[in-house]
Amino acid sequence: MSSGPGRRVAVRVPATSANLGPGFDTLGLALSVYDELVVEQLDGDRLEIEVEGEGTADVPRDASHLVVRAMAHTYASVGRTLPGLRLTAHNVIPHGRGMGSSGAAVVAGILAAKGLLEGEVAFTDVDLLRLATELEGHPDNVAPGLFGGLTIAWMDAEGPQHKQLIVHRGVSPLVFVPSFTMSTAVARSLQPLQVPREDAVFNVSRSALLIAAMTQSPELLMAATEDKLHQNYRAQAMPETDRLVRALRAAGYAAVVSGAGPSVLVLADGPGQRLAAADLMASVVDTPWQALMLAVDVKGGTVKNAEGSA
């Protein structure tokens, strides 16, 4: 289908978990929970938004919607004006839980714009990551959302960069999601601007070890997920999350705060370990938590014509 009114694209974007313990603002993992949306180009500048699932009561239905903002940013980057749109979103990624919901919305908008502009404008992976980072602020959530798998993200003089890695098949992610939320901005505000040198060296060593554990040696995950840069400082704002992480680690599970929290990510070294970890969780928490037995997403975000052709 040619671009213009009537063109429809379907987008699918995975949840992500950033930091993974020691890899603060650097490491991210794509997970098998997905937000999906269909965007249709309309005549004029009409904007119609339908949302179901997560965030239905809170998500705006105007141009401030994060997907629409990301689309407008992408169009503007190539000198285009955003056309009229009908956006139908099915949200599954929990909001405000440290699973990359805002990053997923940014990625979804950029990929939707890419799909509508296909045949007129070409976007490289570098372009996509740059646009997403401009909106999200840092690339550790948007890189796995875009590209899948385990990603290392960094900034250099040319902008955001990433390296995608294949996760060892023995790594089995488990996410515990609470009923309460946590603001990323609040979580980040609890961290000091400076940390002791020994803590910095500690995290450098654990981040390097984590790459080996995730890609080659899952038996090293407990040691590799230790952190001294951010989790302890944020614990005061998430006491139940902190208690759960400590209980899981004391029992031998590689548990970390997922992103800015309050969800908890367990990097189990096999499916059986996940069931035992879920049993332990139920005995530790006081409020309702959901256990999500997940896989590592290896595709990242996808976009295709809504009619089904690639």
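Analyst: One bit of bookkeeping before the charges: Lys and Arg count as positive, Asp and Glu as negative, and His and the chain ends are left out. On that basis the chain has 24 positive and 33 negative charges, and their mean positions are 3 Å apart. Keep in mind that this is a predicted model.

User: Noted. How many helices and strands are there in the chain?

Analyst: The chain has 10 helices and 11 strands. Its radius of gyration is 19 Å, close to the 19 Å from the globule rule for 310 residues, so the chain is as compact as a globular protein of that length.

User: What box do the C-alpha atoms fill?

Analyst: Roughly 60 × 40 × 35 Å along the principal axes.

User: And what share of the residues is buried?

Analyst: Of the 310 residues, 52% count as buried. The accessible surface of the chain is about 13,300 Å², and carbon and sulfur atoms hold 53% of that.

User: What about contacts between residues 24 or more positions apart?

Analyst: Those pairs make up 74% of the contacts in the chain with a separation of 6 or more.

User: OK, residues now. Where is Leu-29?

Analyst: Leu-29 sits in strand 2, which covers residues 27–42. Its relative accessible area is 0%, so Leu-29 is buried, given that the cut-off is under 20%.

User: What does Leu-29 touch, leaving aside neighbours within four places in sequence?

Analyst: Quite a list, including Ala-15, Leu-20, Pro-144, Leu-150, Val-167, Met-214, Leu-267 and Val-296. As for Leu-165, it is 136 residues away from Leu-29 along the chain, and their C-alpha atoms are separated by 9.7 Å.

User: And Ala-113, buried or exposed?

Analyst: Ala-113 has 0% relative accessibility, so it counts as buried. Ala-113 belongs to helix 2, residues 101–116. Not counting residues up to four places away, Ala-113 touches Met-71, Thr-74 and Tyr-75.

User: Last topic, backbone geometry. Where is there a cis peptide bond?

Analyst: Between Gly-261 and Pro-262, where omega is about 5 degrees. Pro-262 is in the loop between strand 8 (255–257) and strand 9 (264–268).

User: Which residues other than glycine have a positive phi?

Analyst: Asn-19 is one of them, with phi of about 80 degrees, and Asp-25 is another, with phi near 60 degrees. Asn-19 is in the loop between strand 1 (8–18) and strand 2, and Asp-25 lies in the loop between strand 1 and strand 2 as well.

User: Are those two buried or exposed?

Analyst: Asn-19 is buried, with a relative accessible area of 3%. Asp-25 has 22% relative accessibility, so it counts as partly exposed; the range for that label runs between 20% and 50%.

Technical notes. Residues numbered from 1 in each chain as written. Predicted model: local features only at pLDDT ≥ 70, side-chain atom pairs only at ≥ 80, totals over all residues. Heavy atoms only, no water. Helix = DSSP H or I, 4+ residues; strand = E, 2+ residues; numbered from the N terminus. Rg over C-alpha atoms; globule rule 2.2 N^0.38 Å. Buried < 20%, exposed > 50% of the residue type's maximum accessible area, 1.4 Å probe, protein only. Contact = heavy atoms within 4.5 Å. Areas by Shrake-Rupley, 256 points an atom, 1.4 Å probe, with all protein chains shown as cover. Charge placed at Lys NZ, Arg CZ, Asp CG, Glu CD.
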